[in-house]
Amino acid sequence: MKTLFDNDMRALNESELVYKIANRKQLNLSDDFTFDELLDKLTPGRKEVAQAAVELYTRLKVKWEQSQQITNSADAYKRMYPILANLQTEECWGIFLNQACRPIKIHRISKGGLSGTLVDVRVVMKEAILCNSAALILVHNHPSGNIRPSKEDDRITTEISKAAQLLNVRMMDHVIVTEGKFYSYADEGRL
């Protein structure tokens with residue numbers, strides 16, 4: 001059975017993929033152009049199509065990945081890195097899992113500023129209850145690249161862990177994503 005992802009696109013390099021979106025000769029681009037140069041040359045309509053294609057791919061990829069187990073911090077990082085890696089502001093996401101550690105739902109909890117995002121324990125637990133989650137993993141990014149958790153990160157981890165325990169939902173981890181690295185509360189023995 002052929003899926004959306006079984007095609008020749010994965011074999012193409014970035015320039016070839018961009019060429020599929022916009023004819024480089026029509027846009028007067030050299031053979032060795034950057035992605036930023038391409039974006040500058042695209043019409044507003046083509047930019048919108050390119051952005052929509054990327055967003056659709058991201059959403060479909062997340063749906064496909066929801067069938068894959070998440071059993072440790074590396075799995076959570078691998079799953080969330082494409083979503084959180086290049087953001088300029090902090091976002092916090094919840095991965096809500098069933099008994100077999102397969103995602104039921106991956107949901108953005110909050111979106112914040114350059115150095116923080118407000119996470120409400122009630123919002124996290126509401127999502128866990130609504131999707132009948134057996135376990136959860138909290139994941140957020142640090143755009144600064146600093147991998148160490150802040151005092152606020154420690155506080156929210158403790159609060160969500162306590163609330164989850166009361167509701168018989170296992171908090172498996174809280175993972176902080178940075179460029180190419182991650183910090184795991186579970187790996188550090190802090191859960």
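Tutor: Asn132 lies in the loop between α5 (121-130) and β3 (135-141), where helices (H or I, at least four residues) and strands (E, at least two) are DSSP runs, numbered from the N terminus. This is a predicted model, in which local features need pLDDT of at least 70 and side-chain atom pairs count only at pLDDT 80 or more, while totals for chains, interfaces and linings use all residues. Residues are numbered from 1 along each chain as its sequence is written, and side-chain values use heavy atoms, with hydrogens and water left out.

Although Asn132 is not a glycine, its phi is positive, at about 55°. Most residues other than glycine have a negative phi. Asn132 is exposed, with a relative accessible area of 67%; here buried means under 20% relative accessible area, exposed over 50%, and partly exposed in between (1.4 Å probe, protein chains only). Another residue that is not a glycine, Cys101, has a positive phi of about 65°. Cys101 sits in the loop between β1 (91-97) and β2 (103-111), and Cys101 is buried, its relative accessible area being 11%.

Glu127 counts as buried at 10% relative accessibility, whereas Lys105, at 30%, is partly exposed.

By this rule there are six salt bridges, and a further two of them can be followed within helix α6 (residues 151-166). Arg155 meets Glu152 with 2.3 Å from N to O, and because these residues are three apart in the helix, about one helical turn separates them. Arg155 also meets Glu159, at 2.5 Å from N to O, and these two, being four residues apart in helix α6, are likewise separated by about one helical turn. Arg155 is partly exposed at 33% relative accessibility, Glu159 is partly exposed at 33%, and Glu152 is partly exposed with a relative accessible area of 37%.

Terms used. A salt bridge is a side-chain nitrogen of Lys or Arg within 4 Å of a carboxyl oxygen of Asp or Glu.
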